[in-house]
Amino acid sequence: SAGCGSGGGPPFTDRATEAHRVEKIEALRKKSQDQPRDARVWQELGSELLRKSGSLVHLNDLAIGQDEMILWPKAERVLDEAIHAIENALLLDSTDARLFALAGHAYFAKFRSDPVVNDAVRVVKAISLLERSIRLDPRFVDAHIDLGLALTPSWRCEGDIKLARAHLEKALSLSPDDGMAYYVLAGVLEVEERYPEALSALRKALSLGLRDEVAYLDLPARYQRMCWRMYEGDDQET
């Protein structure tokens with residue numbers, strides 16, 4: 001599955017899982033050299049690298065809190081390699097909705113990975129690729145979810161809250177039990193300052209499961225942040 005669940009499968013949980021991922025990436029790198037005209041090999045390599053970069057970005061964020069940034073260069077290299085692999089796949093197959101969704105997910109991950117560089121070009125490219133995915137397959141749930149995420153307004157991008165909600169509603173109409181849709185819906189509700197509903201959406205997301213590693217790892221911090229905002233609102237009213 002592409003898009004928000006670009007890696008598919010369960011999120012990273014332990015050293016054994018990470019070691020297996022490293023072995024798989026090395027095997028796919030070799031396979032891409034042996035079979036450079038196979039789009040599926042490049043796609044799989046890009047997916048695995050995206051999952052690895054998600055772990056590294058999250059761990060780097062934790063390190064920043066301790067005045068360290070040792071993992072930042074490595075995370076960026078892995079993400080750049082992921083984008084390169086996915087673009088190679090697209091050069092070989094420009095008819096696959098999943099590939100366009102995966103590329104859009106990768107560019108948005110690149111945008112999110114660097115909170116210092118406000119590179120609007122990346123998010124615009126991500127949205128364009130995701131929209132292309134939906135033109136190829138209007139029922140592709142992951143692309144609708146990622147568009148909801150990319151279009152949600154934030155301090156870094158203007159976004160389009162109405163369009164973000166429209167894509168999430170479409171995703172939920174196609175797959176009402178998708179945890180990632182509820183995760184992104186929580187972000188929309190947070191922007192609208194509807195914190196109790198946002199917290200409820202996050203709980204729903206966790207109960208249904210999150211197949212995106214970054215979302216899974218970021219959920220506790222998001223949950224805590226919204227709790228504080230909700231309590232701050234209560235204090236102001238009293």
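Predicted model: local features only at pLDDT ≥ 70, side-chain atom pairs only at ≥ 80, totals over all residues.
User: What share of the residues count as buried?

Analyst: 50% of the 238 residues count as buried.

User: Contacts next. Of those between residues at least 6 apart in sequence, what share join residues at least 24 apart?

Analyst: That share is 65%.

User: OK, helix packing. At what angle do H4 and H5 cross?

Analyst: H4 covers residues 97–113 and H5 covers residues 120–136, and their axes cross at roughly 165°. The axes come within 8 Å. H4 and H5 are therefore roughly antiparallel to each other, the cut-off for that being an angle over 145 degrees.

User: Left-handed or right-handed crossing there, H4 over H5?

Analyst: Left-handed. On the H4 side the contact includes Phe100, Tyr107, Phe108 and Phe111, and on the H5 side Val123, Leu129, Leu130 and Leu136 are among the residues taking part. Some charged side chains are in there too, including Lys110 of H4 and Arg122, Lys125 and Arg132 of H5.

User: How does that contact split by class?

Analyst: The contact of H4 with H5 has twelve nonpolar, three polar and four charged residues.

User: Moving on to H6. How does H6 pack with H7?

Analyst: H6 (residues 141–151) and H7 (residues 161–174) pack at an angle of about 155°, and their axes are 8 Å apart. That makes H6 roughly antiparallel to H7. The crossing is left-handed.

User: Which residues meet in that pair?

Analyst: From H6 you have Val141, His144, Ile145, Leu147, Gly148 and Leu151. Their partners in H7 are Ile161, Leu163, Ala164, His167, Leu168, Lys170, Ala171 and Leu174. By class, that contact has ten nonpolar, three polar and one charged residues.

User: What about H6 with H8, at what angle do they cross?

Analyst: The axes of H6 and H8 cross at roughly 15° and come within 9 Å. That makes H6 roughly parallel to H8. The crossing is left-handed.

User: And who's touching whom between H6 and H8?

Analyst: Ile145, Gly148 and Leu149 in H6 meet Met180, Ala181 and Val184 in H8. That contact has five nonpolar, one polar and no charged residues.

User: Switching to single residues. Is arginine 222 buried or exposed?

Analyst: Arginine 222 is buried, with a relative accessible area of 10%. Its place is in helix H10, residues 213–237.

User: What does arginine 222 touch?

Analyst: Not counting residues up to four places away in sequence, arginine 222 touches Tyr183, Ala186, Gly187, Glu190 and Leu202. The backbone oxygen of tyrosine 183 lies 3.3 Å from a polar atom of the arginine 222 side chain.

User: How far is the C-alpha of arginine 222 from that of alanine 198?

Analyst: The C-alpha atoms are separated by 10.0 Å, with the two residues 24 apart along the chain.

User: And glutamate 81, what's it in contact with?

Analyst: Leaving aside neighbours within four places in sequence, glutamate 81 is in contact with Arg29 and Leu49. The side chains of glutamate 81 and arginine 29 are joined by a polar contact of 2.7 Å.

User: Where is glutamate 81 in the chain?

Analyst: Glutamate 81 sits in helix H3, residues 72–92. At 26% relative accessibility, glutamate 81 counts as partly exposed.

User: What about serine 53, buried or exposed?

Analyst: Serine 53 counts as buried, at 3% relative accessibility. Serine 53 is in helix H2, residues 39–64, and beyond its sequence neighbours within four places, it is in contact with Ala75, Val78 and Leu79.

User: Last one. What's the phi of glutamate 193?

Analyst: Glutamate 193 has a positive phi of about 60°, although it is not a glycine. Glutamate 193 lies in the loop between H8 and H9 and is exposed, with a relative accessible area of 59%.

Notes. Residues numbered from 1 in each chain as written. Heavy atoms only, no water. Axes fitted to C-alpha atoms, helices over the stretch in contact; angles between N-to-C directions. Helix = DSSP H or I, 4+ residues; strand = E, 2+ residues; numbered from the N terminus. Parallel < 35°, antiparallel > 145°, perpendicular 65-115°, else oblique. Left-handed = near helix turned anticlockwise from the far one by under 90°. Contact = heavy atoms within 4.5 Å. Buried < 20%, exposed > 50% of the residue type's maximum accessible area, 1.4 Å probe, protein only. Polar contact = N/O pair within 3.5 Å; in protein donor to acceptor, adjacent residues only side chain to side chain.
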